[in-house]
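Dear colleague,

I am passing on a structure that I have been reading through, and I would be glad if you looked at it yourself before going on to my notes below.

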Amino acid sequence: MARTFERALRRAGVPMAYSQGFSPHPKVSWVGAAPTGVASEAEYVEIQVVRELDPEALRRELDAALPPGLDVLEAVTGGPGSLAERIEASLWRVELPGVEPAELAEAVRRLLAAERVDVERLTKDGRRTLDARAAVVSAEVVTESTGDTSRGTGGTSRTAHILDTSDQVEPAALADANGLVTDSDQESGEATAQVADWPERARPCGILVAVVRQTTPAVRPDDVLSALRVVADLVPPVPAKATRMAQGRLDDSGVLGTLVDPLAADRAASPTTTPSGVDDPAVR
Amino acid sequence: MFPRLEPLLPLVSKPVQYVGGELNATVKDWDATTVRWCLMYPDAYEVGLPNQGVMILYEILNEQPDVLAERTYAVWPDLERLMREHDVPQFTVDAHRPVGAFDLFGVSFATELGYTNMLTALDLAGIPLHAADRTEDHPVVVAGGHAAFNPEPIADFLDAAVLGDGEEAVLEITDITRRWKAEGSPGGRDELLLRLAETGGIYVPRFHDVEYLPDGRIQRVVPNRDRVPYRVFKRTTMDLDAWPYPKQPLVPLAESVHERMSVEIFRGCTRGCRFCQAGMITRPVRERSIEGIGAMVQRGLAATGFEEVGLLSLSSADHSEIGDITKGLADRYQGTNTSLSLPSTRVDAFNVDLANELSRNGRRSGLTFAPEGGSERIRRVINKMVSEEDLIRTVTTAYANGWRQVKLYFMCGLPTETDEDVLQIAEMAKEVIRAGREASGRKDIRCTISIGGFVPKPHTPFQWASQCDPDTVDARLRKLREAVNSDRNLGRNIGMRYHDGKPSLIEGLLSRGDRRVGRVIERVWREGGRFDGWSEHFSYQRWVDACAAELEPLGVSLDWFTTREREETEVLPWDHLDSGLDKEWLWADWQDALDEREQDDCRWTPCFDCGVCPAMGTDIQVGPTGRKLLPISPVGQGSPVRNPALTAGD
């Protein structure tokens, strides 16, 4: 994803700033990039450029240069404070084809009731254990009809369907700097053609919606599913499809699904305000 | 058929290599086209995707409104197993269509080690392995690439082979196929193949019979149909500026072996290195003009977003305007983090200005030179005219200019070679370090020597030579390693990379084999042989056993095809395939090699009658044109592409 994005920046003619040194690279920083094998509707990235740009022109040109399925939703000129400070947690939607919603709900209840749930993950450095429960802020099971966070099952499952087979994540991006948000294109025609053949559609499908804090080491949707296996022996018959729906700071209200939009502050600043270009503290 | 493939993908390594979706890939409507090509590079996706030959033909074919071209690559054994289990056929990565449904199946062989992978693809596609068993319902299997200059070992599996440049040949094959289909496929498959064969530029092995002498040598190769010519000539595309492909290079999602945009700055080479098949079969030299190169780089960067531009050819520093090209491109892309590379550089042509231009705009990697032979004597034998003095001077200047790493390529097992010739490699490397330390004032410089086994190739002066046996090669490499390590002070800055001699012997069998070798390939494949170019998959024993089983009953053997020196009068398996090189000239050059006599380059000295230009009706096309790259001014800061929509603030 990072490479695809950097190449699109070059094709779009974005005047990037480069790091100094023997092996210069463009100044692009991802905040909490989605793990391999999941889809995303909300990725955020900060880029640094060498001259002032119109955020909407940047959004449009970069969007046009990216492959189908990777959309730039919004670009804003970065204000004070780093992007990382504005992102605390992710809202995940995880579809579990073949899992009864009631069974899933019971597993989620047990997970939330637990104080700590250790799960194992295979990393490059071998097996490591982490507490998956600690990062889960909230979790609930939604159904198709009431799935208020969902834009319709068809849409999300399509996205995940394409991405879960690939080695690389295809999240989308938001740059800040002139910064922006992107997502994967759910309405793509070829995706629609493919989903019709997905054999599990007719089966029951439990849908989990969870807000997960971005910790180090990161607790991924996979780890949450491992936790469900630990507490309730829940084993999905086919691989689950996870989609990141939003990122942001946790809202004090703690209501499920309400994360504070990381770009709200930048957007509030008048779009006509002239940023201070390269020396802008926000785009360092 | 993606829905059938998709459930298998989570179960295999690197599934992204099978999903396609590359930037600049083309997916056309099947029913709106009349001639459909499937192109294969018979190796893993990561190796095959950047292949320029496939990319060029893919684009040329897809530019034709009624032609569709898609690509397929060798699937790894983990996916092959699952495809067999779930009855999923060999598929294209573009639209995931079954390979068996295409009209033509073109396979590009840069090396003979892809032969078993072609058999896997044919088998998975449901195409009979033997051309004789195919019907009108099966694609016509066409081989191309350098290995197609002796396709005899795979003759039984091919319907046709094209020697030389493919740009015009694929269009001609397409035209013949289109017409034949439009006429209602008269005469069936046989008639289509006859129409291809009678052009004289497309080889159809089944229309030539091979007869053998009692001692196993070939007596003669003759056509068995009236309409088929005795000799098949190679194709030569003249005027590279008229063929600026690829215009839209493919950019994969997955990682590949070359993450760069490549521009072929000239084709052909007349340096005359006697071991080099590429230099012999791609004559004459045809340069792309400086302006043509500039336009391809600009368009390619805008289409791909790559950070590196490779200026490709067999000896890139030999372009008549290489200095202006590198300086012009370096000026134009100043400040855009775009680096330039010249992958094949001769020691004697390289100069410091060039090295510095190349590293000006981007990353500095190490410098690579190919002296090929360790001693001056052996370099005279192979006609690689570079003196030790030249080499030391060149690398010293490189170290003095801040380069820290120099790689030197050599070969082992060359004709007339002795231990002494190989041990000279160690002396040269030590001298490089000694001179480099002095020039740079540093102790941490590196010199890596990389050694490949020599394989005699068809259509070269060494086509008659005895291939060195693996034991001798391995023993020499052991002695070389000892010699490098004998001086601890210098040796610790010298790295050594090499393979054992066994894979080279098998490559030698496949390079100079005849039709009888096809049985060996098939047996090896049936016993599980796959990806022979990969050391973790290659099994020497499997090849040796298959040779014993299939060749010895015919009175020949692995040794007979490899370590046996041929005589002047022997009919070679590829003699009816015309690369333009005069066989008498090749023999004379072989004798000159044995006498340690050098041959100059016809770009700077009079023609030495290798035979290619008169036989093929071609001529050398070189500059200088005297023109400059325009605009000379830099494209701007931060990006190699100028986008008016983002330059309003200027």
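**Sheets, a helix and a contact**

In chain B, strand 15 (residues 405–412) and strand 16 (residues 446–453) run parallel and are joined by eight bridges. Within this pair, Lys407(B) has Thr448(B) of strand 16 of chain B standing opposite. Before going further, please keep in mind that this is a predicted model, in which local features need pLDDT of at least 70 and side-chain atom pairs count only at pLDDT 80 or more, while totals for chains, interfaces and linings use all residues. Residues are numbered from 1 along each chain as its sequence is written, and chains are lettered from A and ligands numbered from 1 in the order in which they are written.

As for the terms, helices (H or I, at least four residues) and strands (E, at least two) are DSSP runs numbered from the N terminus, and two strands pair if DSSP finds at least two bridges between them.

The two strands above belong to an open sheet of four strands in chain B, with the order 14-15-16-17 and parallel pairing. Strand 14 (367–372) and strand 17 (494–498) of chain B each have a single partner strand, so one side of each is left without a neighbour in the sheet.

A second open sheet in chain B has five strands in the order 2-1-3-4-5, again with parallel pairing. Its edge strands are strand 2 (67–73) and strand 5 of chain B, each of which pairs on one side only. Inside this sheet, strand 3 (residues 104–108) of chain B pairs with strand 4 of chain B in the parallel sense over five bridges, and Gly106(B) stands opposite Val142(B) of strand 4.

Helix 7 (residues 188–197) of chain B holds the buried residues Leu192(B), Leu193(B), Leu196(B) and Ala197(B), where buried means that 20 or more other C-beta atoms, placed from the backbone, lie within 10 Å of a residue's own. What covers the buried residues of this helix includes strand 4 (140–144), strand 5 (160–161) and helix 6 (167–182) of chain B.

Finally, the contact between the chains takes 32 residues from chain A and 31 residues from chain B, two residues being in contact if their C-beta atoms, placed from the backbone, lie within 7 Å. On the side of chain A that touches chain B, helix 1 (2–11) and helix 2 (55–65) of chain A each supply at least two residues, and the largest share, five residues, comes from helix 1 of chain A.

With best wishes

Methods:
Buried ≥ 20, exposed ≤ 12 C-beta atoms within 10 Å, placed from the backbone.
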